[in-house]
Amino acid sequence: MADNRMTKERIKNHFFYGWWKYVLAVVLCVFGVDMVFAMTAYRPPEDKKTEWFVLNGYMDAEQMEQDFFPVIQSVCPEQEMLTVMNINLTSQDPYARMQFTTYAAAGQGDVALMPADEWYRLSLEDVTDSFVDLTPYIQSGVIDASGMDLTAYSKNGGIYGIPADGLGGLNAYGNDPRNACLCIMAYSGNQDTAAAAIGLMLREFEGENTFSENEDVMQEPIFSR
């Protein structure tokens, strides 16, 4: 008859040789709980969140979210989230291009602060495949482009970009907006709010661009002044 008695020596041996099973069990439990929370966590619908892709260089995304989201909510109170994401297409990092391509393929992103040459590249074929025509928003006053030369971003009777060169207020967040434009991606699920956000950017960030490659431009954010 087999001796199945639980002895101190057998317990000691069991944990000595089988400790990894318990560690694995704990890891799997933690991972499982994390997955459940991730899958069941509330996510705002597309029409209640705005994703802003900064493609022309660096921006202090976290500070911009904190400062600019209340400004958006003052006009669009139903909005629940603003996400600002840095994807620097002006760098030599191939991962940045890969990241942007992946997000675009997934239909993510509403507003883009985009290098002018990238806008031209994406608009070479059918511009409506990449960008939203901003003409109705300009005509209605949602986007005040008074005094701006929009020729460079006009195609087929529509306007698909707004020059960002005059947004010197972005310097406070580490961004140089020269040779860049603001546009709405064609696949945006929140186009009206995205247009309102562009209108607010033109109003809130207008100013002289003092950016210099040789100096630190991280100043006090304009909304806290």
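Two aromatic rings of Phe, Tyr or Trp count as a pair if their centres lie within 6.5 Å. In this predicted model, ring pairs link Trp52, Phe68, Tyr173 and Phe205 into a cluster. The count of aromatic pairs comes to 8.

One of these pairs joins two members of the cluster, Phe68 and Phe205. Their ring centres are 5.5 Å apart, and their planes meet at 40°, so the pair is tilted. Phe68 sits in helix α2 (residues 61-75), whereas Phe205 belongs to the segment after α6. The pair therefore ties together parts that are 137 residues apart in sequence. Both Phe68 and Phe205 are buried.

A further pair is formed by Trp119 and Tyr153. Here the ring centres lie 5.0 Å apart. The planes stand at 85°, so this pair is edge-to-face. Trp119 is in helix α4 (residues 116-122). Tyr153 is in the loop between α5 (135-140) and β4 (154-155). The two residues are 34 apart, and the pair links distant parts of the chain. Trp119 is buried, as is Tyr153.

The largest pocket was examined next. Its space is about 250 Å³. The pocket is lined by 13 residues. Ser146, Met148, Leu167, Leu202 and Glu206 are the closest to its centre. By class, the lining of the largest pocket comprises 6 nonpolar, 3 polar and 4 charged residues. Helix α6 (residues 191-204) supplies the largest share of this lining, with 3 residues.

Key: Residues are numbered from 1 along each chain as its sequence is written. This is a predicted model: local features need pLDDT of at least 70, side-chain atom pairs count only at pLDDT 80 or more; totals for chains, interfaces and linings use all residues. Side-chain values use heavy atoms; hydrogens and water are left out. On a 1 Å grid over the protein atoms alone, a cavity is a set of points where a 1.4 Å probe fits but cannot get out, and a pocket is an open set with protein on both sides within 12 Å along at least five of seven lines; lining residues have an atom within 4 Å of a point. Grid points are joined across faces, edges and corners, and a volume is the space filled by probe spheres set on the points. Helices (H or I, at least four residues) and strands (E, at least two) are DSSP runs, numbered from the N terminus. Ala, Val, Leu, Ile, Met, Phe, Trp, Tyr, Cys and Pro count as nonpolar, Asp, Glu, Lys and Arg as charged, and the others, Gly among them, as polar. Rings of Phe, Tyr and Trp (its six-membered ring) pair if their centres lie within 6.5 Å; planes under 30 degrees apart count as stacked, over 60 as edge-to-face and the rest as tilted. Buried means under 20% relative accessible area, exposed over 50%, partly exposed in between (1.4 Å probe, protein chains only).
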